[in-house]
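Work through the exercises below with the sequence and the model at hand. Each task is followed by a solution in steps.

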Amino acid sequence: MTFLRFLACGLCLMMPPLLHAADMVTGTATYRERIAAPPDARFVAVLEDISRADAPAVELGRAEIEQAGNPPYAFAIAYDPAAIDDRHTYAVRATLTAGDRLLFTTDRVAPVLTRGAPSEVDLVMRMVSPAKAQAVRDAPRIGAHGLRLPATFTGTLPCADCEGIAHHLDLWPDQTYHLRREWLGRDDDPGSHRRDALGRWSADPARRAIVLHGASEMPIQWAVKGPERLRLLDMEGNPIESELPYEVTSDGSLTETDLDGLFLGGMMTYMADAALFEECLTGRRYPIAQEGDYLALERAYLADRTAPGAPLYVHVEGGLLMRPAMEGPDRRSLVVHRFIKTRLGVTCERQQANAALTNTYWRIDRLGDEAVVGLPERREPHLILRAGDAHRFAATLGCNQMNGPYALADDGRLTFGLTASTMMACPPPLDALERTLAETLSAVRSYQISGETLALYDEAGAVIALLTAVYLR
């Protein structure tokens with residue numbers, strides 16, 4: 001037995017390892033410019049098979065560092081040794097990005113693993129000019145159903161009670177979009193009949209269509225009629241049988257529109273006097289301009305953040321507008337018109353799709369400037385807007401039940417009709433708060449939704465109520 005154990009151990013020592021010794025490519029990357037990386041800098045190193053000159057490189061593994069800080073960046077890329085062919089050529093490339101901007105990239109091949117190349121490399125990245133980075137991002141690509149993207153589609157579509165609805169739709173190949181719609185020819189306040197939106201789009205191969213999510217209560221659907229032509233579908237996604245012009249067209253170029261009057265939710269970070277905002281629906285990041293209601297946002301962030309530079313979910317009203325950059329060309333930035341609130345413990349994962357206005361249980365969090373807190377052993381304050389042939393709502397603050405009709409328009413107008421209520425005597429402070437709720441509902445003229453948050457607006461455009469979508473109980 002002793003001899004057999006000795007023989008077995010000897011055989012183990014003689015056998016080659018099951019894995020190649022080099023199942024990890026390691027290295028460092030840096031850049032020569034003496035400038036600090038932005039707070040949201042993201043470093044990525046990728047191991048690729050670059051053997052075929054007539055085909056895209058094949059990725060075998062990658063290493064990523066979020067909030068990478070300043071160089072040098074140490075990395076280790078795990079890969080499957082069985083995927084390595086000694087006849088092929090492999091290399092590592094690296095990039096440093098901030099939001100959708102490419103800041104630095106390697107511009108020389110760094111071979112590894114085969115043909116005498118090492119498994120450890122030291123990379124030097126080169127600065128990418130803002131103009132070149134934008135050109136890389138906006139390089140034309142053939143997208144879903146043959147669409148040439150990025151591109152802008154415009155057109156004026158029919159309207160039942162106005163002269164037409166002017167559309168400006170920007171589509172990107174990463175399946176994000178910006179949309180501006182304007183209801184033309186209405187006599188009352190012209191400024192109130194523009195509705196801007198952003199979000200994500202998806203392809204529907206069965207119907208050769210694309211679907212815009214996040215722009216309104218129902219997704220907006222377009223049939224793809226050609227690389228540069230879209231035709232609106234009805235709310236159920238069916239063709240609109242009409243001779244009227246329900247199409248938007250493109251000349252193949254992107255002329256990105258400003259977006260304003262948005263109700264936005266996202267993650268804010270602040271470090272070294274630079275504030276950044278990651279919008280949850282699209283995942284895009286923007287610098288925050290130090291104008292408008294910026295100071296109120298900064299004070300709230302500094303008061304509620306969990307640690308210096310930590311991300312914090314915030315709600316703001318504002319626009320995505322071009323503003324001067326610290327260096328280089330102007331950049332699209334978040335301009336805060338009104339700070340709404342922070343939300344501790346909330347991240348973008350649950351905010352990447354907007355809750356539906358109707359048939360959703362909306363917890364009432366705030367009426368005017370007053371926080372609404374449910375009382376023990378009473379129903380939670382909430383509002384539900386029922387969809388159907390007869391639009392009816394139901395609401396309570398924990399005492400009387402209110403209900404009545406509401407009207408909803410496609411340009412974001414929302415109004416509540418006469419409110420009926422049960423007549424129970426309510427203790428303070430519910431009695432006064434119920435009067436406030438009735439007055440608030442009668443003053444509502446429009447709404448906006450961002451993720452799980454609903455804001456109700458009055459005629460002057462002020463937020464008069466905030467509600468949060470929760471599960472039905």
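**Exercise 1.** Characterise the disulfide that joins Cys399 to Cys426 in this predicted model.

Solution. Step 1: the bond is given by the sulfur atoms, which are 2.0 Å apart, S to S; the cut-off for a disulfide is 2.5 Å. Step 2: take the handedness from the torsion. About the S-S bond of Cys399 and Cys426 it is about -95 degrees, so this disulfide is left-handed. Cys399 sits in the loop between strand E27 (392-396) and strand E28 (401-408), and Cys426 in the loop between strand E30 (420-421) and helix H4 (430-443), so the pair ties together parts that are 27 residues apart in sequence. Step 4: check burial, for which the limit is under 20% relative accessible area. Cys399 has 4% and is therefore buried. Cys426, with 14%, is buried because its value is also under that limit.

**Exercise 2.** Which parts of the chain does the pair Cys280 and Cys348 tie together?

Solution. Step 1: a disulfide links Cys280 to Cys348, with 2.0 Å from S to S. Step 2: Cys280 belongs to the loop between strand E20 (274-279) and strand E21 (285-287), and Cys348 to the loop between strand E23 (331-343) and strand E24 (361-367), so the parts tied together are 68 residues apart in sequence. Step 3: the torsion about the S-S bond is -80 degrees, and the link of Cys280 and Cys348 is left-handed. Step 4: both Cys280 and Cys348 are buried.

**Exercise 3.** Is the disulfide of Cys159 and Cys162 right-handed or left-handed?

Solution. Step 1: the sulfur atoms of Cys159 and Cys162 are 2.2 Å apart and form a disulfide. Step 2: the torsion about their S-S bond is about 125 degrees, so the disulfide is right-handed. Step 3: Cys159 and Cys162 are both buried.

**Exercise 4.** State the pairing of the bonded cysteines.

Solution. Step 1: the structure has three disulfides. Step 2: with the bonded cysteines of the protein chain numbered in sequence order, the pairing reads 1-2, 3-4, 5-6.

**Exercise 5.** Which residues have the most contacts inside the largest nonpolar core?

Solution. Step 1: the largest nonpolar core holds 29 residues, and those with the most contacts inside it are Leu385, Phe416 and Leu456. Step 2: follow Leu456. Leaving aside neighbours within four places in sequence, the contacts of Leu456 include Leu414, Val444, Tyr447, Ile464 and Leu467. Step 3: a second, separate core has 27 residues, among them Ala41, Leu47, Leu103 and Val112.

Note on methods: Residues are numbered from 1 along each chain as its sequence is written. This is a predicted model: local features need pLDDT of at least 70, side-chain atom pairs count only at pLDDT 80 or more; totals for chains, interfaces and linings use all residues. Side-chain values use heavy atoms; hydrogens and water are left out. A nonpolar core is a set of buried Ala, Val, Leu, Ile, Met, Phe, Trp, Tyr and Cys residues joined through side-chain atoms within 4.5 Å. Buried means under 20% relative accessible area, exposed over 50%, partly exposed in between (1.4 Å probe, protein chains only). Contact means heavy atoms within 4.5 Å. Helices (H or I, at least four residues) and strands (E, at least two) are DSSP runs, numbered from the N terminus.
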